[in-house]
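Let's walk through this model together, starting with strands and moving on to helices and loops. Keep the viewer open as you read.

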Amino acid sequence: MFTELRRSYLQTKAWYHRFSLKAVQSIWFVQFELHPRDLVDICKVPDMPSGRRKDEYIYQACDLLPPVGENLMTHLFHHPHEANEKAITFLRSPTKRQQRLAVCPRAGTNLGWGIHLVEGYAMTRVWSLASGMFLISSMVFAVAWSVLEHDVQGAFAIAFLCRCAGWAQCGDTADLYRVIDNLGGHQTSFP
């Protein structure tokens with residue numbers, strides 16, 4: 001399931017997504033409304049089909065809502081090789097019984113249940129990029145200062161100071177992005 005989910009997610013992304021600063025941060029069970037042209041409007045988070053919808057969806061009933069925690073779902077999304085095909089995550093995830101969910105021609109929409117992939121900034125990637133930029137720029141500065149001023153010790157002292165100040169600024173920026181992510185990041189849904 002998680003291998004297929006990851007493959008479907010990556011198929012919606014361009015080839016350069018690997019270099020993106022964003023990644024899947026959370027996975028939620030949701031109720032959504034399907035509109036024409038596969039547009040989806042999320043109605044409830046978290047939610048699962050009710051008992052009267054048992055004829056439409058296959059899943060193991062559970063008293064918990066969500067039936068599987070978002071941290072475990074996210075971990076298994078990023079590491080699908082660790083997922084056990086007979087694990088509780090597969091049994092509790094709602095799956096459509098018959099055909100794929102389609103828009104009702106009379107109502108113009110249709111209710112369904114599925115998972116919602118929430119994207120946010122991958123702070124490891126952000127920090128790596130910022131650190132690399134400060135490292136390269138401070139080295140360029142140190143070499144240029146050494147050549148122009150004939151002062152290697154002073155050049156590397158100033159470059160080190162600039163690099164430390166840049167890292168401190170990155171820390172402040174990382175905290176700001178963490179706050180922004182907690183307020184709600186970019187979100188991608190799969191019915």
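How many bridges join β1 to β2? There are 5 of them, and the two strands run antiparallel. Before going further, keep in mind that this is a predicted model, where local features need pLDDT of at least 70, side-chain atom pairs count only at pLDDT 80 or more, and totals for chains, interfaces and linings use all residues. Residues are numbered from 1 along each chain as its sequence is written, and side-chain values use heavy atoms, with hydrogens and water left out.

A few words on terms. Strands (E, at least two residues) and helices (H or I, at least four) are DSSP runs, numbered from the N terminus. Two strands count as paired if DSSP finds at least two bridges between them.

Gln31 counts as buried because its relative accessibility is 9%; buried means under 20% relative accessible area, exposed over 50%, and partly exposed in between (1.4 Å probe, protein chains only). Leaving aside neighbours within four places in sequence, Gln31 is in contact (heavy atoms within 4.5 Å) with Asp41, Ile42, Cys43, Lys44, Asp47, Leu111, Gly112 and Trp113.

Now follow the chain into the loop between β1 (22–35) and β2 (39–44), where you'll find Arg37. The hairpin of these strands has 3 residues between them. Most residues other than glycine have a negative phi. Arg37, though, has a positive phi of about 65° without being a glycine. Asp38 is found in that loop between β1 and β2 too, and its phi is near 55°, again positive in a residue other than glycine. Are these residues buried or exposed? Arg37 is exposed, at a relative accessible area of 76%, whereas Asp38 counts as partly exposed at 49%.

Next, the helices. Helix α1 (residues 2–11) and helix α2 (residues 70–78) pack at an angle of about 75°, with their axes 8 Å apart. Axes here are lines fitted to C-alpha atoms, for helices over the stretch in contact, and angles run from 0 to 180 degrees between N-to-C directions. That angle makes α1 roughly perpendicular to α2, a label covering 65 to 115 degrees, with angles under 35 roughly parallel, over 145 roughly antiparallel and the rest oblique. Phe2, Leu5, Arg6 and Tyr9 in α1 meet Met73, Leu76, Phe77 and His78 in α2.

Leaving aside neighbours within four places in sequence, Leu65 is in contact with Pro46, Asp47 and Met48. The C-alpha atoms of Leu65 and Phe29 are separated by 8.6 Å, though the two residues are 36 apart along the chain.

Finally, how far should you trust all this? The mean pLDDT (the predictor's confidence in each residue, from 0 to 100) is 76, and 75% of the residues reach 70 or more. Confidence is highest in β2, at 86, and lowest in strand β6 (residues 187–190), at a mean of 45. Over residues 185–191 the pLDDT is below 50, and this stretch has 27 contacts in the model beyond near neighbours in sequence. Where pLDDT is low, the predicted coordinates should not be read in detail.
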